[in-house]
Amino acid sequence: MATTLTSVVVGAKAKHTATVFWLHGLGDSGAGWSFLAEELSGLFPHIKWILPNAPSIPITLNQGMRMPGWFDLTGLDRSSLSNEDEKGILSSLTAVNGLIRQEVDNGIPSDRIVVGGFSQGCVISLLTGLTSEYKFGGVIGCSGWLALSEKFPSMASEANKKTPVLMCHGDSDPVVQYSYGKESASVLENLGYNIKFNTYRGLVHSASPQELQDIASFLKERLPPVSA
């Protein structure tokens, strides 16, 4: 049975004409990223922010302790990341797609939706954005990687083959290695995707003011106000 997700929602300050979904990282919650919505809502009063909460699941990396996670992780080294929790990843894709479907059914065109995320949330945002049959306004992936990379070409949909994708990664990230993000961007570029990869010098596994500015610039371009 598909998981039903709860979400933190930051409503549009003006007429709602676009939506951003933002997916948090391991052990976090939607509330942990509400600062992003609050900081940018003044610039984008027409955007509603939906910040889903991952289900609480046992995480092998943390001795099997339960915590919010989009899928299980055995480790963050290269060999561990190749041992993927495909079932968990696909379950999260289904759950997130359910939230997106609700938003479309409520009248927001899919090309007025951007899907983004950080770390584990980046993994799910990239896969959601590029395998969905909905054509999105854009996809954002920060400090993460492309999972299921061998299966991805067969999972990908044509709908977002040309959709702009913004990927961001700090080159001093000690948690998700910078090289994982860079290599993931190269894989997607080689498959013909429209990728912009931003490197942040000295940034660890977190967001930076410059990164937030770059996200804002991307949203300004991809989800501009709709004239009445």
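The questions and answers below treat selected sites one at a time.

Reader: What kind of model is this, and which pLDDT is needed for local features?
Author: Residues are numbered from 1 along each chain as its sequence is written, and side-chain values use heavy atoms, with hydrogens and water left out. This is a predicted model in which totals for chains, interfaces and linings use all residues, side-chain atom pairs count only at pLDDT 80 or more, and local features need pLDDT of at least 70.

Reader: What is the volume of the largest pocket?
Author: On a 1 Å grid over the protein atoms alone, a pocket is an open set of points with protein on both sides within 12 Å along at least five of seven lines, whereas a cavity is a set of points where a 1.4 Å probe fits but cannot get out. Grid points are joined across faces, edges and corners, and a volume is the space filled by probe spheres set on the points. For the largest pocket this volume is about 360 Å³.

Reader: Which element gives the largest share of the lining of the largest pocket?
Author: Lining residues have an atom within 4 Å of a point; there are 15 of them here, and the closest to the centre of the pocket are L81, E84, W145, L146 and S149. Helices (H or I, at least four residues) and strands (E, at least two) are DSSP runs, numbered from the N terminus. Two or more lining residues come from each of α2 (78-82) and α6 (178-190). The largest share, four residues, belongs to α6.

Reader: How many charged residues are in the lining of the largest pocket?
Author: Ala, Val, Leu, Ile, Met, Phe, Trp, Tyr, Cys and Pro count as nonpolar, Asp, Glu, Lys and Arg as charged, and the others, Gly among them, as polar. In this lining seven residues are nonpolar and three are polar, while the charged ones number five.

Reader: What is the volume of the largest cavity?
Author: The count comes to one cavity of 30 Å³ or more. Its lining includes F71, D72, L81, E84 and W145, and by class the lining has six nonpolar, three polar and three charged residues. The volume of the largest cavity is about 70 Å³.

Reader: Is H169 buried or exposed?
Author: H169 has its place in strand β8 (residues 165-170). Contact means heavy atoms within 4.5 Å, and beyond four places in sequence H169 touches S143, G144, V176, Q177, Y178, G181, F197, N198, T199 and Y200. Buried means under 20% relative accessible area and exposed over 50%, with partly exposed in between (1.4 Å probe, protein chains only). Because its relative accessibility is 1%, H169 counts as buried.

Reader: Which side chain makes a polar contact with the side chain of H205 at 2.7 Å?
Author: A polar contact is a pair of N or O atoms within 3.5 Å; within protein, one must be able to donate a hydrogen and the other to accept it, and residues adjacent in sequence count only if both atoms are side-chain atoms. H205 is found in the loop between β9 (195-200) and α7 (209-222), and its side chain makes a polar contact with that of S119 at 3.0 Å. The side chain of H169 makes a polar contact with the side chain of D173 at 3.3 Å. At 2.7 Å, the partner of the H205 side chain is D173.

Reader: The side chain of T128 reaches the backbone oxygen of which residue?
Author: T128 lies in helix α4 (residues 120-131), and it is buried because its relative accessible area is 0%. Leaving aside neighbours within four places in sequence, T128 is in contact with L93, V96, N97, I100, V115 and F136. At 2.7 Å, its side chain reaches the backbone oxygen of I124.

Reader: Which residue in β3 stands opposite T19?
Author: Both faces of β2 are covered, with A18, V20 and W22 on one side and T19, F21 and L23 on the other all buried. Two strands pair if DSSP finds at least two bridges between them, and β2 pairs with strand β3 (residues 47-52) in the parallel sense over four bridges. Opposite T19 stands K48.

Reader: Is S143 buried or exposed?
Author: S143 is found in the loop between β7 (138-142) and α5 (152-155). Its phi is near 55°, a positive value in a residue other than glycine. Because its relative accessible area is 0%, S143 is buried.
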